[in-house]
Amino acid sequence: MACNWPRGYQVVKTRSDLSLGLLPAPGAPPAEWHVAEGLVDYEAALAVMAARAAAIAQGKARELIWLVEHPPLYTAGTSARPQELIAARFPVYTAGRGGQFTYHGPGQRVGYVMLDLKRRAPDVRRFVATLEEWIIRTLSAFAVRGERRDDRIGVWVRRPDKGAGAFEDKIAAIGIRVQRWVTLHGFALNVAPDLSHFSGIVPCGIAEPRYGITSLADLGRQVAMAEVDRALRTEFEPVFGATVDADAHTVASTENSSPRRRNAKSSERAAR
């Protein structure tokens, strides 16, 4: 997941001029919703996304929201710089999404969002802003005020408890890819991950000391993942439209189909 706008898209000076919401056209089928069980291998997830996005673009499959947890790993986006990989404590994968390095692991809800923007609005900036709005609304269900920033993608929480100096922590990262106007990747929301695992990278390329990483647990919200999933679905529908449960066999059969191993080639590319 990323911190910067995808290459080729100009950063707007203010988010207030962006329209929020990407509802489908009237009569369009609802997006499918699937929550994975257990930890999902990262390579398997990439394969599932690629196949599903191609099918969506061809009109052969419905849009899909796929919620997963991964084993501990780092991913490198298209703007990742070798010096931002401080210590490869975990497997490192080339992700193909925008942004720099980020961490995924247990206790973090990753949402892979596969939507057809042609059927909604072919506006990538609006899509990213709506993803942020979805997460902000979800956090409000747990009495956490998330905010977007003009120059930093993702969802941020002010931390006055850390002292003077306008400290802010990121609680949700966003990184996307768009192929044939179908979106891939999505967001990573920190529910209760081991935050020390972020120390092996410069998360999203942001090294300023006043910007950190937080989670619901770090903020004193002891929330079960199932509760977060319910809030995510509740808040998704007002901004993206109705959902239906996916056929379990559609996604589940491939969730753990690949070995959980280090991708040596991806790690080498990311570290160069």
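Tutor: Let's start with glutamate 69, which sits in strand E2; strands (E, at least two residues) and helices (H or I, at least four) are DSSP runs, numbered from the N terminus. Keep in mind that this is a predicted model, in which local features need pLDDT of at least 70 and side-chain atom pairs count only at pLDDT 80 or more, while totals for chains, interfaces and linings use all residues. Residues are numbered from 1 along each chain as its sequence is written, and side-chain values use heavy atoms, with hydrogens and water left out.

Glutamate 69 is buried, yet has no salt bridge. Buried means under 20% relative accessible area, exposed means over 50%, and partly exposed is in between (1.4 Å probe, protein chains only). A salt bridge needs a side-chain nitrogen of Lys or Arg within 4 Å of a carboxyl oxygen of Asp or Glu. For glutamate 69, the nearest side chain of opposite charge is that of arginine 109, 4.6 Å away; here Lys and Arg count as positive and Asp and Glu as negative, with His and the chain ends not counted. A polar atom of the glutamate 69 side chain does lie 2.7 Å from the backbone nitrogen of glycine 107.

Who else surrounds this side chain? Contact means heavy atoms within 4.5 Å. Leaving aside neighbours within four places in sequence, the contacts of glutamate 69 include Gly38, Leu39, Pro106, Gln108 and Met225.

Met225 takes us to helix H3, residues 225-240. Helix H3 has 16 residues and reaches 21 Å from its first C-alpha to its last, close to the 22 Å expected at 1.5 Å a residue; the expected span is 1.5 Å times one less than the number of residues. Met225 is one of the buried residues of H3, and others include Val228, Leu232, Glu235 and Phe236. An α-helix has 3.6 residues a turn, so residues three or four places apart point the same way. On the other side of H3, Arg230 and Thr234 are exposed.

Strand E2 is among the elements that cover the buried residues of H3, along with others including strand E1, strand E6 and helix H2. After H3 comes glycine 241, with a positive phi near 110°.

Notes: A polar contact is a pair of N or O atoms within 3.5 Å; within protein, one must be able to donate a hydrogen and the other to accept it, and residues adjacent in sequence count only if both atoms are side-chain atoms.
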